[in-house]
Every structure is written in C-alpha cells, then in structure tokens.
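User: I would like to learn how to read the features of a model like this one. Please take them one at a time.

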Amino acid sequence: MLEEMEPSLTFHFKKPNEISPEVLEEIYGLVSQSGEVGLSWVKDNLKRAFLISYAKDGDRVIGTMTLKRPLPEYARKIGRLAGVDLDGYLERGYSAVLPEYQGIGIGDRLLKGLVKRAPGAKIYVTIRMDNEQAIRLTRRNGMRLAGKFINQRTGHEIGVFVNTPSELEHQEQEACTTD
Ligand SMILES: CC(C)(COP(=O)(O)OP(=O)(O)OC[C@H]1O[C@@H](n2cnc3c(N)ncnc32)[C@H](O)[C@@H]1OP(=O)(O)O)[C@@H](O)C(=O)NCCC(=O)NCCS
C-alpha cells in the first residue's frame, strides 16, 4: 500500500537546525494531536533532538518520529522506575502518524531510517502496554521489553523497550523453556 502512495510521499531525516520553523511547528502540532505525551517540553526537546524524521504527503507533514537526547536525570528516573540502566541511551519518541495514514508502513519507514542513521546507538522507547500498534512496530524492528513501571500520574502501565539485549526478555524466555 505504501508503494501505491509512494509518488506523493517523501521521507526526511534531519537535525533540528536543518528544519524550517514552519515544518517544526507542523511536527509539534502532529505530536500534540496524538495525545500520547505531556506537551510542556516538546518544543525544547525537539530543538535539542539527535535526529528528527518526518513524512510529507505533498506539502503536508503526515507522520513524524524523533531520536531525542533525554536529559540524564529524566533517563535515570525512567531507568530507576523500570529497573533498567539507560545511561548513554537515545530515546525514540514523538511518534505520530495521522490516523488516515496509519497501518501502511509509514511509522516503519521512519523508524528504520532513524536507526540506520544512528549506527551503534543504544535506543530506548517508552510505550503504554495497551498501545498494541506501537508495540508491534517496535518489536518488529528488533526492540525488546526491558522493564515496566506504572505512571503514577495516569495509572497506566508503561513498557521500556530497548534495542540492546534485554535481561527481562531473557528471563522470560528461560521461564518458557523450563515450563
Ligand atoms: C504508533 C504509530 C506511530 C505507528 O505508525 P504507523 O505508520 O501506523 O505504523 P506502520 O504502518 O508502519 O505499522 C506497520 C503496520 O503496517 C503494515 N504495513 C503495511 N504496509 C507496510 C509496509 N510497506 N512496510 C511496513 N509495514 C507495512 C504492517 O503490516 C503493520 O501492520 P500491523 O501493525 O498490523 O502488524 C501510529 O499508529 C500512531 O501515530 N499512533 C497514535 C500515537 C501513538 O500511539 N504514538 C506512539 C506512542 S509510543
């Protein structure tokens, strides 16, 4: 399906300072609409991101995903809650594809493009455990569940997925094979 739309779709992978303020504003709007993140830091975090990806249909930004440099104290807090050492990790986040463009491989293309441009980087992502679509996309791209915690503000269970070998998954596999 992605191939059918390909002529009008373009994919972009850029440092924040290479993106025009207008496009950054569109990316911010898309992330706000997705409702998946608290918004107070989004603009600041976009400006200091490692790499921002976005897809356009013609002139319109219809999907985005970012590799962020998390503030060390933030990564440490998440790591402590989930029991994972996230020191030196980039954080994948601000993933949003407009509903009418979902499920045709745009998120997949953005994710693969980001990973390709960050060779050797350790990457984590936090996802609500009931967000099946986001988890399928994440697992299909070789990321593994490393830990979980409850968001005290919302009560949601959050999974921390990493692209490095995961102790938790290893334990789960061992438990399966000894059953
Ligand atoms: C999560 C989100 C970013 C995923 O983006 P997406 O573009 O819908 O994801 P994709 O289409 O790449 O996912 C791949 C799906 O498309 C299908 N697909 C179709 N054509 C494809 C192609 N050419 N290449 C890869 N996958 C393709 C895959 O089979 C897969 O289906 P499945 O999930 O049933 O297995 C998007 O659903 C979204 O914005 N959700 C709301 C906000 C959100 O939850 N953000 C994430 C917070 S962590």
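**Reading the model**

User: Which residues of helix 5 are buried?

Analyst: Ile106, Gly107, Leu110, Leu111 and Leu114 are the buried residues of helix 5. Seen down the helix axis, they fall within an arc of 130 degrees, so they line one face of helix 5. The arc is taken over the directions from the helix axis to the C-beta atoms. Buried means 20 or more other C-beta atoms within 10 Å of the residue's own; exposed means 12 or fewer, partly exposed is in between, and C-beta atoms are placed from the backbone. The model is predicted: local features need pLDDT of at least 70, and side-chain atom pairs count only at pLDDT 80 or more, while totals for chains, interfaces and linings use all residues. Residues are numbered from 1 along each chain as its sequence is written.

User: How many helices and strands does the protein have, and in what order do they run?

Analyst: Elements are DSSP runs numbered from the N terminus: helices are H or I, at least four residues, and strands are E, at least two. The protein has seven helices and seven strands, and from the N terminus on they run α-β-α-α-β-β-α-β-α-β-α-β-β-α. Of its 179 residues, 30% count as buried.

User: How do strand 2, strand 3 and strand 4 pair?

Analyst: Two strands pair if DSSP finds at least two bridges between them. Strand 2 (residues 51–57) and strand 3 run antiparallel, joined by seven bridges, with Tyr54 opposite Thr64 in strand 3. Two residues lie between the strands of this hairpin, where Gly58 has a positive phi near 65 degrees. Strand 3 also pairs with strand 4, again in the antiparallel sense, over five bridges. Gly63 has Val97 of strand 4 as its bridge partner, and Lys68 stands opposite Glu91 in strand 4.

User: Which strand does strand 4 join in the parallel sense, and where is a bridge?

Analyst: Strand 4 runs parallel to strand 5 (residues 123–128), with two bridges between them. Glu91 has Tyr124 of strand 5 as its bridge partner.

User: Are strand 3 and strand 4 covered or open?

Analyst: Strand 3 (residues 60–68) has eight of its nine residues buried, so it is largely enclosed by the rest of the structure. Strand 4 is mostly covered, with eight of its eight residues buried.

User: What is the phi of Tyr94?

Analyst: Most residues other than glycine have a negative phi. Tyr94, which lies in strand 4, has a positive phi near 50 degrees. Tyr94 counts as buried because it has 24 C-beta neighbours inside 10 Å.

User: Which members of the largest nonpolar core touch the most other members?

Analyst: A nonpolar core is a set of buried Ala, Val, Leu, Ile, Met, Phe, Trp, Tyr and Cys residues joined through C-beta atoms within 7 Å. The largest one has 36 residues, and Tyr124, Ala146, Val160, Phe161 and Val162 touch the most other members. Leaving out residues up to four places away in sequence, Phe161 touches Tyr124, Val125, Ile127, Thr138, Met143, Arg144, Leu145 and Ala146; contact here means C-beta atoms, placed from the backbone, within 7 Å.

User: Which residues come nearest to the ligand?

Analyst: A residue is near a molecule if its C-beta atom, placed from the backbone, lies within 6 Å of it. There are 21 residues around the ligand, and Ser34, Gln102, Gly105, Gly107 and Asp108 come nearest. Strand 4 (90–97), helix 5 (106–116) and helix 6 (132–140) each give two or more residues to this shell. Helix 6 gives the largest share, four residues.

Note on methods. Two residues are in contact if their C-beta atoms, placed from the backbone, lie within 7 Å.
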